[in-house]
Amino acid sequence: MISSLPAVTTASVLAQRLREAIDAGRWRPGELVRQEQIAAEYGVSRIPVREALAQLQSEGLLEIAHYRGARVSRPQAVEIAELFDLRLLVEGDLLARALGGHDQRSLRELTRLQDRLEDAEDRLGWISGDIAFHEALYGPAERPRSLALFRQLRAPIDRFSVQALGPGTRKQGWADEHRQLIAAVAAGEAAAAKAILEQHLQATRAVVLAACSGDGEN
């Protein structure tokens, strides 16, 4: 049994533990998360378990199955399509605004992050490496609200991707597009950078939609 949680913050702490477990891929999309199993593992009653599950349901992570527990949410194709439509708008604007702010130091950092991303062998490292690359790419835009929106739009896609995809997904294409982005930014070619980013996001949308339909690779 996992060590018991402090009574005062049991539900919130338990929700965080379960959130981390879902992000790590313990349960796949559509898989049942059983109340009695969670209660036994963490040494708590079912009341904080229900509260924690309800909290994760409100975040869109779980779908409650009455009297049984909850299932890990599987995003619908229409939701994924909308998220990528919004990402194209937000990230395209961030990239355009960031272009003039990059220098040799930031370009070296992008290259370093891409090198590390290509070496990632686990799903969490792959996703976190991709987030770090894009945040460094858009950082010089100095648009904190847009960056926060970028993270918000990525979150449900990343959570699903870490469960359903992996570092081998479009590995060469992903790397080529990132390195083409670095080259276009270094050359100050705004139109080329925008086109490469759009190609990259559209290709990513395709593999996520394929995984959502059950045709993707693990």
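Biologist: What does the side chain of H102 reach at 2.8 Å?

Modeller: The backbone oxygen of L137. This is a predicted model, so the distance is a computed value.

Biologist: What makes the link between the side chains of H102 and S106 a polar contact?

Modeller: The two side chains are joined at 2.9 Å. The cut-off for a pair of N or O atoms is 3.5 Å. The 2.9 Å pair therefore qualifies.

Biologist: Why is H102 called buried?

Modeller: Its relative accessible area is 13%. H102 sits in the loop between α4 (77-98) and α5 (104-119).

Biologist: Which residues is H102 in contact with, leaving aside neighbours within four places in sequence?

Modeller: L110, A136, L137, P140 and V185. Contact here means heavy atoms within 4.5 Å.

Biologist: Now L86, in helix α4. Why does L86 count as partly exposed?

Modeller: L86 has 35% relative accessibility. Buried is under 20% and exposed is over 50%, so 35% falls in between.

Biologist: How far apart are the C-alpha atoms of L86 and L153?

Modeller: They are separated by 7.5 Å. Along the chain, L86 and L153 are 67 residues apart.

Biologist: How do you know what span to expect for helix α1?

Modeller: Helix α1 covers residues 10-23, which is 14 residues. The expected span is 1.5 Å times one less than that number. The expectation is 20 Å, and α1 reaches 20 Å from its first C-alpha to its last.

Biologist: Which residues of α1 are buried?

Modeller: T10, A11, L14, A15, L18, R19, A21 and I22. They cover an arc of only 160° around the axis, so they lie on the same side of α1.

Biologist: Why would spacing along a helix matter there?

Modeller: An α-helix has 3.6 residues a turn, so residues three or four places apart point the same way.

Biologist: What makes the buried residues of α3 a one-sided set?

Modeller: The buried residues are P48, V49, A52, L53 and L56. Their arc is only 135° around the axis, and therefore they are on the same side of α3. As for span, α3 (residues 46-58) has 13 residues and reaches 18 Å, close to the 18 Å expected.

Biologist: What makes a cavity differ from a pocket?

Modeller: In a cavity the 1.4 Å probe fits but cannot get out, while a pocket is open. The search finds 2 cavities of 30 Å³ or more. About 100 Å³ lies in the largest cavity.

Biologist: Which residues lie nearest the centre of the largest cavity?

Modeller: D130, R154, D158, W174 and T204, out of 15 lining residues. At least two lining residues come from each of α4, α6 (123-138), α7 and α9 (190-212).

Biologist: How many of the 218 residues count as buried?

Modeller: The share is 44%.

Definitions and conventions
Residues are numbered from 1 along each chain as its sequence is written. This is a predicted model: local features need pLDDT of at least 70, side-chain atom pairs count only at pLDDT 80 or more; totals for chains, interfaces and linings use all residues. Side-chain values use heavy atoms; hydrogens and water are left out. Helices (H or I, at least four residues) and strands (E, at least two) are DSSP runs, numbered from the N terminus. Buried means under 20% relative accessible area, exposed over 50%, partly exposed in between (1.4 Å probe, protein chains only). A polar contact is a pair of N or O atoms within 3.5 Å; within protein, one must be able to donate a hydrogen and the other to accept it, and residues adjacent in sequence count only if both atoms are side-chain atoms. The arc is that of the directions from the helix axis to the C-beta atoms. On a 1 Å grid over the protein atoms alone, a cavity is a set of points where a 1.4 Å probe fits but cannot get out, and a pocket is an open set with protein on both sides within 12 Å along at least five of seven lines; lining residues have an atom within 4 Å of a point. Grid points are joined across faces, edges and corners, and a volume is the space filled by probe spheres set on the points.
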